[in-house]
Every structure is written in C-alpha cells, then in structure tokens.
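Please consult the sequence and the structure alongside the text.

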Amino acid sequence: MLALLAFGLLGAVGAHALVFGNGHQIGGGLHGQLVDLLFGAAAFTALAVLANALCGARLCVDGGAMATALRSAIPSLRATILAAASWFALIESCERAHAMPILAIVPAIVAVCALLIGGARVAVRALRAARLLLVSSLAAHAAPTQQPRRRAPQRLRARSLALRRHLFSRPPPVAA
C-alpha cells in the first residue's frame, strides 16, 4: 500500500510537470512541503521495499527471492493510475483556480504511470542480474571444496563351483 501511494504521488507530480511545465508551482502555497513529502515518500518507500526484499533474499542465493519480493511490491498499472489521479486532484485542490486541460492531463497521468511501473520492473530485473553476477563472481573466487573420496569398488571374488551350484539346487524332499 505504501508503494502504491508513493508511485501515485510520483505519477501525479510527473504528470503535473508534463502538462504544466514551469507554468506554475505544484501545490500553490504548499509547494515546499509537497516537494519534501515527495522526496521523503520516495526514499522511505524505496528503503522499506528494499529491506523487505533483502530479508527474503536469504532463501535464494541467485536473487530469485529478492526479485520476487520486489516484484510483489510493485503496484499494478491500473491502481497506480487511480492513485496518481487522486493525488493530482488533491494537489490541484490546494492551488488557486486555473484552467486545467483534462484531455492532456489524463494521457499524461497514464504515460507517466506506465513509465514508472515499467522502470520499476526493469530495475528489479537489473538488480536480480547484478545479484547473479555478484554470486557467480564470488563463487568463482571461493576456495574449492573438497570432494569426498569414494572407495574403489572391491573386485568380485569367484566362488567355488560347489557354492555356485548350491544356489540353484532344490531343497531335499520332505519325509512323509
């Protein structure tokens, strides 16, 4: 949920910058606090998600558990678009009234959110690849482990002819 709010806030700010550019400050009088909230939320979310992923990474040496934990923390595109639209509406309600080109805002929110989610997925793949590279390079430089020695198989001893024939003989007849 925290990641969804952070991605939504990033999407709203990105869409605002894409649509309005330097036309006016985002959030009006609350611009400074909003920028601080943006950076704080982004940093806290990144740290929380990364800490959660690294805790689960002990289970899989090649980074699979870490990638799975990070992938599960990335919100869906639809939820991110809804969160970004909500943040955008909240931010615009703090500003004084001005013209808003709705036909430009909606595609901007969708594009920025798609870029954010796509970039997060690429970053997860890159982190997994980096972990694979790190683990393989550490394994290559590690001291070789000793393989357990196997005993040489013992040669089969030939039995005498009488012992070998005994295996195939019939039992003695039963006395009635």
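## Helix α1

How many residues does α1 have, and how far does α1 reach from its first C-alpha to its last? In this predicted model, α1 has 19 residues and reaches 27 Å between those two atoms, close to the 27 Å expected at 1.5 Å a residue.

The buried residues of α1 are A3, L4, A6, F7, G8, L9, G11, A12, V13, A15, H16 and F20. Just after α1 comes G21, which takes a positive phi of about 60 degrees.

## Helix α4

Helix α4 covers residues 77–94, and for these 18 residues a span of 26 Å should result at 1.5 Å a residue; the end C-alpha atoms of α4 are 26 Å apart, which agrees with that expectation.

Burial in α4 involves T80, A83, A84, W87, F88, I91 and E92. Viewed down the axis of α4, these buried residues fall within an arc of 165 degrees, and they therefore line one face of the helix. In general, an α-helix has 3.6 residues a turn, so residues three or four places apart point the same way. The exposed residues R78, L82 and S93 are carried by the face of α4 that is turned away from its buried side.

## Packing of α1 against α4

The axes of α1, which comprises residues 2–20, and of α4 come within 7 Å and cross at roughly 60 degrees. The crossing of the two helices, α1 and α4, is right-handed.

On the α1 side, the residues that meet α4 are L4, L5, F7, G8, L9, G11, A12, V13, A15, H16 and F20, and their counterparts in α4 are A79, T80, A83, A84, W87, F88, I91 and E92.

## T80 in its surroundings

T80 is placed in helix α4, and since its relative accessibility is 0%, where under 20% is the cut-off for burial, T80 counts as buried. Leaving aside residues up to four places away in sequence, T80 touches L4, F7, G8, P75, C113 and I117.

## P107 in helix α5

Is P107 buried, exposed or partly exposed? P107, which lies in helix α5 (residues 102–141), has a relative accessible area of 44% and is therefore partly exposed, because that class lies between the cut-offs of 20% and 50%. Although P107 and V19 are 88 residues apart in sequence, they are 9.7 Å apart in space, C-alpha to C-alpha.

Terms used. Residues numbered from 1 in each chain as written. Predicted model: local features only at pLDDT ≥ 70, side-chain atom pairs only at ≥ 80, totals over all residues. Heavy atoms only, no water. Helix = DSSP H or I, 4+ residues; strand = E, 2+ residues; numbered from the N terminus. Expected span 1.5 Å × (residues − 1). Buried < 20%, exposed > 50% of the residue type's maximum accessible area, 1.4 Å probe, protein only. Arc of directions from axis to C-beta. Axes fitted to C-alpha atoms, helices over the stretch in contact; angles between N-to-C directions. Left-handed = near helix turned anticlockwise from the far one by under 90°. Contact = heavy atoms within 4.5 Å.
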